Each structure stands twice: as structure tokens, then as C-alpha cells.
Amino acid sequence: KGAYSYQNSTYPKDAKEVGDPMALKVTGHVPDWLKGKLFRNGPGKFSIGDKRLTHWFDGFALLSSFEFKKNKIYYQAAFLKSDQLLESIELNDLKLSGFGQNLGESPAKHISRDGQKVKTANASINIERVGKRLIAFGETPLPIEFEPSTLKTIGIFDYDDNLKKAKIWESAHMKRD
């Protein structure tokens, strides 16, 4: 129903979940050699109840996948079911300690690997493969694992290692060596 651009909007809009993969209209053609899935992550939900987030970085995480298969592209999207999103939905009120604004201070729910008391697990910045798992990352040290075929949230991911946990931070902006 018309193109939407963040550039012509006062506030960001809420995205919608797409549970079953949906075939996208393709202009031109998809190369035969292009196969596999591309995963994306970013803010996608900006309002709950009558409250609205107004900073682009604060939206609750939306996972998206684009599957390239048999000259077609299929799209799927799901909100990452973080504790903060679920609590906000349950209370019909925004409970967020965000980047640009803080609404409804929530008590810390988790202790991070480096001992911090963390209020948010809104991993809305990046996705990385860790072993055979897909993990969403945010600016707080609470990575969240999700299931690649359904985008269903599995939960907070903890590394299976023997490294000292003090002063270890995950990065939402990983670099490969």
C-alpha cells in the first residue's frame, strides 16, 4: 500500500511478523546459483499500548530471513521474544531501558557474563553464527539464540567455554579475523 521510508516519517512504524515463508514478487530474475538464507536483524516494534518509542535504535528486535530457492525469494519475519518485549506486552506498557530513551524502569533481570546487572536483552543489532547456532546481539552483554527455520526465540545464549567470565563482553559489531 505505497512505499514506506524512514526518511519521510516522523516516527518509525511497527513491522509485522510473517510466520510462514512468503514468496516475494521478483522483478527480473534470481540467478540459478543463488541459494541459501540471508538473516537480518534490526528494530521493528516501536509501540505497545498507547506508548511509543521515538528513537530508531530503541525498537524491539525483528528477525528477518530471505531464502533464495529455485529462482524465488521467500521472506519470513518474527519479533525476538526478549524478556523486555514479553513484559511490555503483558503489561500493555513500554518497559525499556533503551539507547535514546528510557521508559518504565524495570529491575535488572539478568546477570551478564562479567557480573553486570542487566535490564535489557533487546538484541536488535546483529546476527552471527556461533558454531551451528544463530545468535542475535545487542549493545548489552546478553546474546539471544534463535531457531533459523522458524525464527523462534530459544533464549539467552551462554558460551560453552572455560574462559573467565569477568570483563568479557560480547560485541554487536563483530569482525572476523
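These are my notebook entries on a predicted model.

**Ground rules.** I number residues from 1 along each chain as its sequence is written. In this predicted model, local features need pLDDT of at least 70 and side-chain atom pairs count only at pLDDT 80 or more, while totals for chains, interfaces and linings use all residues; side-chain values use heavy atoms, with hydrogens and water left out.

**Entry: aromatic pairs.** I looked up ring pairs and found 2. Rings of Phe, Tyr and Trp (its six-membered ring) pair if their centres lie within 6.5 Å; planes under 30 degrees apart are stacked, over 60 edge-to-face, and the rest tilted. Phe39 and Phe146 have ring centres 6.0 Å apart and planes at 65°, so I logged this pair as edge-to-face. Phe39 belongs to strand β2 (residues 36-45) and Phe146 to strand β13 (residues 144-146), so the pair ties together parts that are 107 residues apart in sequence. I took helices (H or I, at least four residues) and strands (E, at least two) as DSSP runs, numbered from the N terminus.

Next I checked burial. Buried means under 20% relative accessible area, exposed over 50%, and partly exposed in between (1.4 Å probe, protein chains only). Phe39 is buried at 18%. Phe146 is buried at 1%.

The rings of Phe66 and Tyr75 have centres 5.1 Å apart and planes at 50°, so that pair is tilted. Phe66 is partly exposed at 24%, and Tyr75 is buried at 16%.

**Entry: charges over rings.** My criterion was NZ of Lys or CZ of Arg within 6 Å of the ring centre and within 35 degrees of the ring normal. The charged end of Lys45 sits over the ring of Phe79, 5.7 Å from its centre. Lys69 has its charged end over the ring of Tyr74, at 5.6 Å from the centre.

**Entry: the sheet with β13.** In what order do the 4 strands of the open sheet run? I read β11-β12-β13-β14, with antiparallel pairing. Two strands pair if DSSP finds at least two bridges between them. Strands β11 and β14 (153-156) stand at the edges with a single partner strand each, so one side of each has no neighbour in the sheet. The twist averages 30° from one strand to the next; axes are lines fitted to C-alpha atoms (for helices over the stretch in contact), and angles run from 0 to 180 degrees between N-to-C directions.

Strand β12 (residues 133-137) pairs with β13 over 3 bridges, in the antiparallel sense. Leu134 has Phe146 of β13 as its bridge partner.

**Entry: Ser124.** I found Ser124 in the loop between β10 (117-118) and β11 (126-130). Is Ser124 buried or exposed? Ser124 is buried, at 8%. Leaving aside neighbours within four places in sequence, Ser124 has contacts (heavy atoms within 4.5 Å) that include Asn41, Gly42, Pro43, Phe57 and Phe137.

**Entry: helix α1.** I listed the buried residues of α1 (residues 83-91): Gln84, Leu85, Glu87 and Ser88. They cover an arc of only 165° around the axis, which puts them on the same side of α1. That arc uses the directions from the helix axis to the C-beta atoms. Asn92 follows α1 and has a positive phi, near 55°.

Entry: Lys16 lies in the segment before β1 (18-23) and is exposed at 67%. The C-alpha atoms of Lys16 and Gln76 are 10.0 Å apart, and the two residues are 60 residues apart along the chain. Asp32 lies in the loop between β1 and β2 and is exposed at 56%.
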